[in-house]
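Subject: Structure handover and notes

Dear colleague,

Please read the notes slowly, with the model in view.

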Amino acid sequence: MKSQNGKDGKQIPLSLRRASRGSSFARNDKSSGREELRAERWAAGWALAGAAAWAGVAVLARMGIVRIGVIELMFLFAPLVIVPLGVELGRLRGFSSGVARELAGMAQTLQPLGAVLAVAAVCLAPGARAGFLAGGWMVVCGLMAWAGVLELGAVVLGSSAGMENLTGEVPVTPRLVTVSTEVVAVPSRLSRIAGCVGRIDLAVGGAWLVASRLGWRPMGIQEPIGLLTAVHFHFAGFATAMIAGATLRFSEARFAGRVLLLRWLQRVVVLVLGMPFLVAAGFVISPGLKMLAAMVFSASVAGLAGFVWMCAGRVEDRTARGCLRVAGGAVFVGMGLSGTYAVADFVKSEMLPIPRMASTHGVLNALGFCLLGLLGWIVESAKTLTTEGTEEHRVRPGTSAGRDLGLGK
């Protein structure tokens with residue numbers, strides 16, 4: 001099919017327009033609208049219920065009725081609050097793979113049950129019963145991780161044949177439509193990969209929870225490091241990756257002409273995605289590697305926080321802007337503590353013991369950055385979809401995003 005270009009217009013495949021939407025399918029039919037509303041209410045309702053449950057557990061722990069420590073309490077904030085919010089943000093950002101979308105939807109439905117089982121597993125003493133219950137949360141994490149793997153395959157392959165094999169759906173034949181020379185920005189591959197890596201992080205965190213509750217010591221790692229690894233991959237892995245992907249996608253749309261700025265953000269996102277695995281490997285391989293990886297990760301998250309703060313100035317919704325600004329500000333204190341702990345741990349100093357880090361850095365990261373960062377991008381994404389019907393933003397020809405669509409040289 002030949003494309004006909006007007007003097008002031010370009011023809012681009014309709015499939016590219018769909019790629020920039022919160023879903024790969026049209027959202028303008030009534031049944032789809034009802035499903036969207038039902039999914040949003042489900043996520044919001046269970047996140048609120050999870051927050052109330054977590055507060056109740058915290059009060060019971062403070063009273064000594066539930067015998068869990070601050071590390072266990074910080075972990076429970078993930079399945080009860082952070083994961084449902086992160087899953088919802090991923091749903092709003094959409095999927096290229098239909099199977100991945102179905103798996104993520106299944107995980108979102110099972111998340112409340114998995115969270116209850118995770119609470120029960122943490123409250124029990126390590127052993128077979130606690131490990132079995134923790135396996136319920138691992139099922140949710142596994143579904144999300146498998147969705148991430150399939151979505152990653154769809155993103156990397158990027159071809160019609162690859163999409164058909166991964167999704168089980170016949171790809172839509174591209175149809176050309178004429179649009180203005182300012183066209184929709186297709187989300188970059190990296191912004192979509194970030195969400196995939198975040199979902200895979202959940203499986204690693206869920207597996208370490210099971211090992212911790214069973215009382216296992218993989219590779220000789222003692223508690224509380226095993227449980228802290230589960231915490232690490234839920235917050236520093238999953239939540240931070242979802243925030244990074246949303247930040248990059250927003251920046252590519254609103255700062256399309258600032259190529260150097262976007263390149264720096266892309267580098268930061270790559271570090272944010274990779275460093276959690278390197279930090280975890282440092283516990284097994286080398287204390288020096290652990291310290292170096294922790295320092296680089298702290299710096300990269302601080303850099304991401306700077307971009308979140310900058311993006312907040314371009315967000316129209318006041319609630320989203322406030323959440324993102326506070327999230328960005330909280331990181332600098334929390335990451336400063338993280339870097340200090342990495343050095344203190346390397347030199348065998350007791351200046352920042354693990355319980356104090358959990359009650360300071362852990363709280364700032366969980367409540368300040370992860371919670372408010374996810375909420376901010378959820379509000380922004382939902383508002384964009386509601387007011388515009390899509391997540392389309394315009395870019396100018398000649399920019400990196402414009403060149404991806406064949407605009408400019």
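The notes below go through charged pairs, a helix pair and an aromatic pair.

Please keep in mind that this is a predicted model, in which local features need pLDDT of at least 70 and side-chain atom pairs count only at pLDDT 80 or more, while totals for chains, interfaces and linings use all residues. Residues are numbered from 1 along each chain as its sequence is written, and side-chain values use heavy atoms, with hydrogens and water left out.

Let me begin with the charged pairs. Side chains of opposite charge can pair when their charged atoms come close. There are two salt bridges in the structure, a salt bridge being a side-chain nitrogen of Lys or Arg within 4 Å of a carboxyl oxygen of Asp or Glu. One of them joins Glu-88 to Arg-91, with 2.7 Å from N to O. These residues sit three apart in helix H3 (residues 70–93), so about one helical turn separates Glu-88 from Arg-91; helices here are DSSP runs of H or I with at least four residues, numbered from the N terminus. Both Glu-88 and Arg-91 are buried, a word that stands for under 20% relative accessible area with a 1.4 Å probe, counting protein chains only.

A salt bridge also connects Glu-380 with Arg-93, whose closest N and O atoms are 3.4 Å apart. This pair links distant parts of the chain, since Glu-380 belongs to helix H12 (residues 354–388) and Arg-93 to helix H3, 287 residues apart. Glu-380 is buried at a relative accessible area of 6%, and Arg-93 also counts as buried, at 14%.

Next comes the helix pair. The axes (lines fitted to C-alpha atoms over the stretch in contact, with angles from 0 to 180 degrees between N-to-C directions) of helix H8 (residues 225–254) and helix H9 (residues 259–285) come within 10 Å and cross at roughly 170°. H8 and H9 are therefore roughly antiparallel, the term for angles over 145 degrees.

Of the four aromatic pairs in the whole structure, one is Phe-250 with Trp-377, which is tilted, at 5.1 Å centre to centre and 50° between the planes; rings of Phe, Tyr and Trp (its six-membered ring) pair if their centres lie within 6.5 Å, and planes under 30 degrees apart count as stacked, over 60 as edge-to-face and the rest as tilted. Phe-250 lies in helix H8 and Trp-377 in helix H12, 127 residues apart, and both Phe-250 and Trp-377 are buried.

Notes:
Helix = DSSP H or I, 4+ residues; strand = E, 2+ residues; numbered from the N terminus. Buried < 20%, exposed > 50% of the residue type's maximum accessible area, 1.4 Å probe, protein only. Parallel < 35°, antiparallel > 145°, perpendicular 65-115°, else oblique.
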